[in-house]
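Here's a quick briefing for anyone meeting this structure for the first time. Have a look at the sequence and the model, then read on.

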Amino acid sequence: ASAIETLVGYREPNVVPIANFYGKGEAQVNAFATLVLDAHVSVRRAFLGMVFRWCKELDYSDLYSQESRLFAYLLSGLFDVDPAVGTQCVQWLEELGRDYEQLNAAELKDRLEYGFEDELAKDARPPPLPAPFTHRPRLGARLRVREHFRRLVGTVAEEMRCWQG
């Protein structure tokens with residue numbers, strides 16, 4: 001878990017190392033951001049595949065604390081310049097959604113049983129979807145993305161405020 005925090009350049013917001021006061025602090029580098037923006041599609045595809053495997057295979061206690069950091073990169077893959085990478089990310093999100101549904105079957109039981117007709121109606125007439133989506137993602141994928149979007153939106157807004165025109 002701490003390795004992921006190091007690779008994304010995370011530091012607790014209210015913790016400043018003493019060395020920083022003396023000009024000897026280390027720069028925080030987001031290695032994942034470098035990989036997701038790499039010029040070679042094979043690097044981006046391999047990186048996103050690694051992120052997917054971590055989201056799928058990490059122990060739940062580690063995943064719970066780190067998934068929102070990892071999920072941001074998987075979501076950015078949806079908008080990769082190579083359409084094949086975006087399509088692969090949709091498939092990975094579907095698989096993670098299936099896992100989410102199995103893991104949370106008890107909580108989703110009512111929604112899946114009683115809301116089934118509503119879901120079918122929405123699937124029958126989906127709004128126009130942006131590429132790479134060809135159909136409405138499964139319920140587990142939508143809920144998993146929504147769960148992490150709450151944490152991501154604040155970070156995105158902060159980054160936009162830092163941009164210089």
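Let's start with the aromatic rings: Phe32, Phe47, Trp54 and Tyr73 are joined into a cluster by ring pairs. Keep in mind that this is a predicted model. The protein chain has nine helices and zero strands.

**Aromatic pairs**
- The count of aromatic pairs comes to five.
- One of them is Phe32 with Trp54: the ring centres sit 6.0 Å apart and the planes meet at 45°, so this pair counts as tilted.
- Phe32 belongs to helix α3 (residues 31–36) and Trp54 to helix α4 (residues 41–57), so the pair ties together parts 22 residues apart in sequence.
- Phe32 is buried, at a relative accessible area of 2%, while Trp54 is partly exposed at 26%.
- Phe52 and Trp92 make a stacked pair, with 5.3 Å from centre to centre and 10° between the planes.
- Since Phe52 lies in helix α4 and Trp92 in helix α6, that pair ties together parts 40 residues apart in sequence.
- Phe52 and Trp92 are both buried.

**The chain as a whole**
- Of the 165 residues in the protein chain, 30% are buried.
- Among contacts with a separation of 6 or more, 60% come from residues 24 or more positions apart.
- The protein chain exposes about 11,200 Å², and carbon and sulfur atoms supply 58% of that.

**Confidence**
- The average pLDDT of the protein chain is 81, and 77% of the residues score at least 70.

Terms used. Residues are numbered from 1 along each chain as its sequence is written. This is a predicted model: local features need pLDDT of at least 70, side-chain atom pairs count only at pLDDT 80 or more; totals for chains, interfaces and linings use all residues. Side-chain values use heavy atoms; hydrogens and water are left out. Helices (H or I, at least four residues) and strands (E, at least two) are DSSP runs, numbered from the N terminus. Buried means under 20% relative accessible area, exposed over 50%, partly exposed in between (1.4 Å probe, protein chains only). Contact means heavy atoms within 4.5 Å. Accessible areas come from the Shrake-Rupley method with a 1.4 Å probe; for residues, only the protein chains shown count as cover. pLDDT is the predictor's confidence in each residue, from 0 to 100. Rings of Phe, Tyr and Trp (its six-membered ring) pair if their centres lie within 6.5 Å; planes under 30 degrees apart count as stacked, over 60 as edge-to-face and the rest as tilted.
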